[in-house]
Amino acid sequence: MIPEDLDILTLLIAIVTASACALPGVFLVLRRMTLMSDAISHAILPGIVLAFFLTHSVSSPLLILAATATGVLTVIFVELLQKTKLVKEDAAIGLTFPALFSIGVILISQYTSNIHLDMDAVLLGKLEFASFNILKIFGYDLGPVSLYVMGGMLVLNIAFILLFYKELKLVTFDASLAATLGFTPVLIHYGLMTLVSMTTVGAFDAVGSILVVALIAGPAATAYLMTDSLTRMLILSVVIGCVNAVVGYLLAVPLDVPIAGTIATVTFLVFGLVFMIVPNRGLIAIARRHIRQKWEFAQTMLIIHLLNHEGLPEAQAESEIAHLYEHLQWEPTFATRVVKHALNNRYVSQQATQLMLTERGRTIARQTLVQ
């Protein structure tokens, strides 16, 4: 059992990591570059390994610098391939990061067998033990290294977004207009990609190369379903990331399962829940809208049918409720339900077995025909 004081620190690391990852994730989702986070999180591995060969230390700052540089190099390789017009962006990503990741895997398996740099930690991270890696200065314990690293990345991400909010917003939604107005989309783009690389590297030790993708993409994609405002999306993504971290942690501890994996699972479940129930955009709202449109269309057909035969000799026969299924090719049960809806909406009135248009129904039918 982990001591109680370290439980809180682990939870804080999870919250800060999720928050730091969610902010750049918003711009990746909006720019349809979410897979780039996956590419970077895998491709930084050879940079980490090569820097380890030079320093022989897994805690050297050079590892972070090398990994960040490798992440930016990945973006450059992807864009160079894409600019040839021979492959699309998704194919360029699919070609680049497996190659770099494979190099890292080979280097680890061949040259670091006696070093604490194993594939489980690389892929899944060890959030449970992140609070044991303590920062010490002059003999004083100042808390977990991961908390300072990801706290610094959170501050850096917030500062970057606040300083370049207008530029990021313009480049994200209309890069051509940004260039016309004198902005440099390329600089903003590589600044953002550098930030993504640094955030990914910072989270690498705690959550691993695979699960960091869930923290970057999940909260942002969930927030995207809930709002059209960039500011609200940024705030919501951080809130959702924090909630995912807390719930994932609270589930992982009693179940004795990996915390990072549980947080990623909760992230997917929360996205799925929002995907189903969010007003106006969720699957349930879409299904209800389709059903409503179905009945509205059927009612419109009914009142147009009555209007077209109004005042003609056959009007009485055409307005018989029992004969609607013959005239409109409807099943009797369906025709009965359409009539019920039309009566409730005061589109028609009923006299015995006859249907007659109300003034409201006549107006709507005429407006529909004009359109």
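**Exercise 1. Compare the span of helix H11 with its expected span, and state which of its residues are buried.**

*Solution.* Helix H11 has 19 residues and reaches 27 Å from its first C-alpha to its last, which is close to the 27 Å expected at 1.5 Å a residue. The expected span is 1.5 Å times one less than the number of residues. Helices here are DSSP runs (H or I, at least four residues), numbered from the N terminus.

The model is predicted, so local features need pLDDT of at least 70 and side-chain atom pairs count only at pLDDT 80 or more, while totals for chains, interfaces and linings use all residues. Residues are numbered from 1 along each chain as its sequence is written, and side-chain values use heavy atoms, with hydrogens and water left out.

Next, consider burial. A residue is buried under 20% relative accessible area, exposed over 50%, and partly exposed in between (1.4 Å probe, protein chains only). In H11, the buried residues are Ile259, Ala260, Thr262, Ile263, Ala264, Val266, Thr267 and Val274.

**Exercise 2. Describe the largest cavity: its volume, its lining and the helices that supply the lining.**

*Solution.* Begin with the method. Rolling a probe the size of a water molecule over the atoms shows where empty space is left. On a 1 Å grid over the protein atoms alone, a cavity is a set of points where a 1.4 Å probe fits but cannot get out, and a pocket is an open set with protein on both sides within 12 Å along at least five of seven lines; lining residues have an atom within 4 Å of a point. Grid points are joined across faces, edges and corners, and a volume is the space filled by probe spheres set on the points.

Step 1: the search of the whole structure finds 1 cavity of 30 Å³ or more. The volume of the largest cavity is about 50 Å³.

Step 2: its lining consists of Ala14, Thr17, Ala18, Leu127, Val207, Leu215, Ala245, Ala260 and Ile263.

Step 3: at least two lining residues come from each of helix H1 (4–30), helix H9 (185–226) and helix H11 (259–277). H1 gives the largest share, 3 residues.

Step 4: by class, the lining has 8 nonpolar, 1 polar and no charged residues. Ala, Val, Leu, Ile, Met, Phe, Trp, Tyr, Cys and Pro count as nonpolar, Asp, Glu, Lys and Arg as charged, and the others, Gly among them, as polar.

**Exercise 3. Describe the second largest pocket and its lining.**

*Solution.* The second largest pocket holds about 350 Å³ of space. It is lined by 13 residues, of which Arg31, Met33, Glu79, Gln82 and His189 are the closest to its centre. Helix H3 (61–83), helix H7 (165–173) and H9 each supply at least two lining residues, and the largest share, 4 residues, comes from H9. The classes of this lining are 6 nonpolar, 3 polar and 4 charged.

Arg31 lies in the loop between H1 and H2. With a relative accessible area of 19%, Arg31 is buried. Arg31 and Phe173 are 142 residues apart in sequence, yet 7.7 Å apart in space, C-alpha to C-alpha.

**Exercise 4. Classify the aromatic pairs Phe160–Phe164 and Trp295–Phe334.**

*Solution.* Rings of Phe, Tyr and Trp (its six-membered ring) pair if their centres lie within 6.5 Å; planes under 30 degrees apart count as stacked, over 60 as edge-to-face and the rest as tilted. The structure holds 3 aromatic pairs.

Step 1: Phe160 and Phe164 are 5.1 Å apart centre to centre with 45° between the planes, and the pair is tilted. Phe160 is buried at 14% relative accessibility, whereas Phe164 is partly exposed at 32%.

Step 2: Trp295 and Phe334 are 5.1 Å apart centre to centre with 20° between the planes, and this pair is stacked. Trp295 lies in helix H12 (residues 283–308) and Phe334 in helix H15 (residues 332–344), so the pair ties together parts that are 39 residues apart in sequence. Trp295 is buried at 10% relative accessibility, and Phe334 is partly exposed at 21%.

**Exercise 5. Examine the phi angles of Arg32 and Lys85.**

*Solution.* Most residues other than glycine have a negative phi. Arg32, which is not a glycine, has a positive phi of about 55°. Arg32 is in the loop between H1 and helix H2 (34–55) and is exposed at 76% relative accessibility. Lys85 also has a positive phi, near 70°. Lys85 is in the loop between H3 and helix H4 (89–111) and is exposed at 73%.
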